[in-house]
There are 2 protein chains.
Amino acid sequence: MNFATYQQTLRKITDLSGAAAVLGWDTETYMPSGSHALRGQQLGTLSSMAHSLFTAESFGQGLQTLLQDPSLTPEQRQNVHITQEEYERARRIPASFVERMASLTTLAHQAWARAKTEKNFAIFAPFLTQVVAMNQEKAQLLGYEHHPYDALLHDYDRGMTTAAVEGIFATLLPALQELIAQVMAGLSVRMDFLEERAYPHDEQFQLSKMLSAAVGFDFTRGRLDEALHPFSTSFHPQDVRMTTRLDPYKLFDGIGSTIHEAGHSMHSQGLRLEHYGLPQGTYSNLSTAESQSRIWENNIGRSRAFMQWLYPLLRAVFPVQLHDVSEEECYAAMNLVRPDYIRVEADELTYHMHIALRFGIEKDLLTGALLVAEVPEYWNTQMQELLGMEVPHDALGCLQDVHWAHGSMGYFPTYSLGTLYAAQYMVAMQRELDADALIARGEFAPLLQWLREHIHTPGDLYTAGELCERVTGEPLNPGYFLRYAREKFFPKAG
Amino acid sequence: MNFATYQQTLRKITDLSGAAAVLGWDTETYMPSGSHALRGQQLGTLSSMAHSLFTAESFGQGLQTLLQDPSLTPEQRQNVHITQEEYERARRIPASFVERMASLTTLAHQAWARAKTEKNFAIFAPFLTQVVAMNQEKAQLLGYEHHPYDALLHDYDRGMTTAAVEGIFATLLPALQELIAQVMAGLSVRMDFLEERAYPHDEQFQLSKMLSAAVGFDFTRGRLDEALHPFSTSFHPQDVRMTTRLDPYKLFDGIGSTIHEAGHSMHSQGLRLEHYGLPQGTYSNLSTAESQSRIWENNIGRSRAFMQWLYPLLRAVFPVQLHDVSEEECYAAMNLVRPDYIRVEADELTYHMHIALRFGIEKDLLTGALLVAEVPEYWNTQMQELLGMEVPHDALGCLQDVHWAHGSMGYFPTYSLGTLYAAQYMVAMQRELDADALIARGEFAPLLQWLREHIHTPGDLYTAGELCERVTGEPLNPGYFLRYAREKFFPKAG
């Protein structure tokens, strides 16, 4: 196999997964309500065909040969090397496992939805038990050195380890708890203009489009639609689609959600067409991916400079609702710190508590240190400890997230890791750009350009950790996020 | 191979073509303008994978074995038999031919679009020459007994022959020419309320949805959107989507287009889920397909009874525009006979002239009796002869249709044939139902039920001709259409 054949095979596989992404997007946006059954089957066929192409013995042999090819550039070799690693992992998962997991999660998802509606964990428990068992099996199949959770983490952030995540949370959590307490002590944020005044849907949607375009999302090669759960998906770098969710009484949640997804989407639009199919033309590493949504949503989008730029626009779109609201009040409301039961509604500080909680549960379920039946009590105790909240029922507790019903374990840590990377990247960017001045003027192009060059262009060529070292000159350091958070809520005078 | 494995293979192939249909629908509806390039590649991958699954040697051998299986029901055997025929045909077309055709039509389509914009046939001519050459090659590859055009027709209406189409037009055209002359002689139709009053887009779109739902299109398993060229597409029987095109000054064109596509879509929704993948669960025969769009658009939708039901609804939606327009005036306008350059704008009578013209050209291009360079002159002369019209330029003449730019030859006759089948089916239906009374009351369900049972349920198990004989008791007879047309325009007193 030469490099061209190698890329050709990957392009074909990526065509299939791109087609599956179109079907997935359609499922969440425009698909009629009665069309689910066969859509699932069609998606299953696409992914199983992609899997067989990728795991074909001949492809594996070709990769071996290609790695010996002296004519490869270092970059090409790195691509092939990553594919070879993925190939080895994919070969360890038999097709029968994938099919069993698909059957299980179809049922698990239904049970979860019913359990959540009926606020009854017992309905979901037997399925979660099976999900845990299958993830234990998966970890065994994939193999690991120290902790079975390492094998799962690899799917979302190859190179990340359970021990490293534990170390990061050990630094992060106590510092955050202290900071949250300080912020809450002095807190007095005006929220009436958001919670008691309606911001009509159509104006919010127009605003979402304006904001996305302003920060740099290319609408000639992408769309913004609405969906129950906001997401971004890429069919290829020239067709990247995102959705948002708008609530008339949650203006800033809608704005945050849109900018978050725009951050993901601009990452996808920043992958290079000539690398289509290659690791370099994709991103499977979700920590880096999350750094790109968070840097736009939080580091840029919740900054004082951003509100300086946004405020006149908000006043123009909602003159009645905001007639007596100052820029400072908007800024404070957008940065409200308020513990919540629900992860996706959490602010920048309390968010990590939610992740730490889930990480602990997943890890202990996997080793058997925690039993499925004990999850609700563990959850509720932890919520009390971490955020001082009394969970009223499991729908607002351990049944809130869809991830386990999807069969996923190991995904959650990337949400926190991405946020930490974002803070570290922001500092690196500020060394080269006067970001605040640019943001305040609405000149986002240089920021996007910086991210394009440093983060987007390499695609998946480096792990999240490697990329961080290349770009910032040091490994991931949660101190950057903590400094960012402290400076936001307790700015130095002057 | 047993029947279950056979169906399993076909389901997989149909999953791929269903996925391709989703991508195709998206291309025409929601895809951003800058996303074309890779979408084409992804579609190519899906169709070439479907093709290799279908033409696999092992599948062919399995079909042979299965045909010997004594446990098959007659219906199962008929399914396998049809698949076996399609397999033989598909095997005769090498993958290299499909790829050459795909490359050619990408360029041909661009050239055609430019030629049409610039009203310059010369731009398209060299590509049409290649399209003709490839269709000649295709006919040779597929083989035929009497006429190379027979080999092409088979793709759209297996069992139909060039000689049979010639025979039908020999009956149809002279009778129609006479009828058109008679109708035009006595014609005085009020059109000002359509051509000089605007019917706003949003109201038209709401009306389109109401009409589709009223005739029986199931919106829980389908959608109506808008697109430049109206079409209907099916991802599977539970997800059937159609589009329409609305012009503020062409109210009845929009209504006709919507009901036409609803007819196609209800056909697709009427295929049985348990036959998914089988010939019985699909329709590749476009003459029968067109009979289902035309019967709703014309035989039902342009009937006096339909206008009886529709008129109050129209008045309710457009009270200002229709305040001085009677039901009779609406009926007459909806049935206006007026020769036009453009096929897709043609009325029920002149439509067949457009098809006869194209059929003649395709047939003669294929045998070499007509050269590509001669097409414009031939076209214009025929338009003069058939409809008495002077074609001002080729964009309104031989460049108007996309079919040749898509590489298709042999498709056009199904438009006429479907219309003829529709008239014959309508008579058969009226033997069992008082269709006029039902239509006038807006009770369309019994009509749809009749079509479901007789036309939709068998899927592609019979050729168009066989189905016609089974349902109506006789072969296709254009006399039914002619009688329908005469009675519409010259109703008997009483």
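Student: Where is A:Lys119 found?
Tutor: Helices here (H or I, at least four residues) and strands (E, at least two) are DSSP runs, numbered from the N terminus. With that numbering, A:Lys119 sits in chain A, in the loop between helix 5 (95-117) and helix 6 (121-142).

Student: Before we go on, what kind of model is this?
Tutor: Residues are numbered from 1 along each chain as its sequence is written, while chains are lettered from A and ligands numbered from 1 in the order in which they are written. Local features need pLDDT of at least 70, side-chain atom pairs count only at pLDDT 80 or more, and totals for chains, interfaces and linings use all residues, since this is a predicted model.

Student: Is A:Lys119 buried, exposed or partly exposed?
Tutor: A residue is buried if 20 or more other C-beta atoms lie within 10 Å of its own, exposed if 12 or fewer, and partly exposed in between, with C-beta atoms placed from the backbone. A:Lys119 has 14 other C-beta atoms within 10 Å, so it is partly exposed.

Student: What is the phi of A:Lys119?
Tutor: A:Lys119 is not a glycine, and yet its phi is positive. The value is about 50 degrees.

Student: And what is the phi of B:Lys119?
Tutor: B:Lys119 lies in the loop between helix 5 (95-117) and helix 6 (121-142) of chain B. With 14 other C-beta atoms within 10 Å, B:Lys119 is partly exposed. B:Lys119 is not a glycine either, and its phi is positive, at about 50 degrees.

Student: What rotation superposes chain A on chain B?
Tutor: The copies are superposed by least squares on the C-alpha atoms of residues with pLDDT of at least 70 in both. The RMSD is 0.0 Å, with 0.0 Å of shift along the axis, and the rotation is 180 degrees. That is the relation of a two-fold axis.

Student: Which C-alpha of chain A is nearest the axis?
Tutor: The C-alpha in question lies 3.5 Å from the axis. It belongs to A:Ala19.

Student: How many residues of chain A are in contact with chain B?
Tutor: Two residues are in contact if their C-beta atoms, placed from the backbone, lie within 7 Å. On the chain B side there are 31 residues, and on the chain A side the number is 31.

Student: Which elements of chain A give two or more residues to the side that touches chain B?
Tutor: By class, that side has 13 nonpolar, eleven polar and seven charged residues. Here Ala, Val, Leu, Ile, Met, Phe, Trp, Tyr, Cys and Pro count as nonpolar, Asp, Glu, Lys and Arg as charged, and the others, Gly among them, as polar. The elements are helix 1 (3-29), helix 2 (36-54) and strand 1 (222-226) of chain A.

Student: Why do the copies meet through the same surface?
Tutor: The interface residues of chain A can be looked up in chain B. Those that are also interface residues there come to 100%, so the copies meet through the same surface.

Student: Which helix of chain A gives the most to the side of domain 1 that touches domain 2?
Tutor: Chain A is assigned domain 1 (3-92) and domain 2 (119-494), with bounds from an automatic or database domain assignment. Between them, 17 residues of domain 1 of chain A are in contact with 18 of domain 2 of chain A. Helix 1 and helix 4 (74-92) of chain A each supply at least two residues of the domain 1 side. The one that gives the most, with eleven residues, is helix 1.

Student: How far apart are the centres of domain 1 and domain 2 of chain A?
Tutor: The centres are taken over C-alpha atoms. They are separated by 27 Å.

Student: Is A:Ala464 buried or exposed?
Tutor: A:Ala464 belongs to helix 20 (residues 464-472) of chain A. Leaving aside neighbours within four places in sequence, A:Ala464 has contacts including A:Asp157, A:Asn285 and A:Tyr421. With 25 other C-beta atoms within 10 Å, A:Ala464 is buried.

Student: Is B:Pro74 buried or exposed?
Tutor: B:Pro74 is in helix 4 (residues 74-92) of chain B. With 7 other C-beta atoms within 10 Å, B:Pro74 is exposed.
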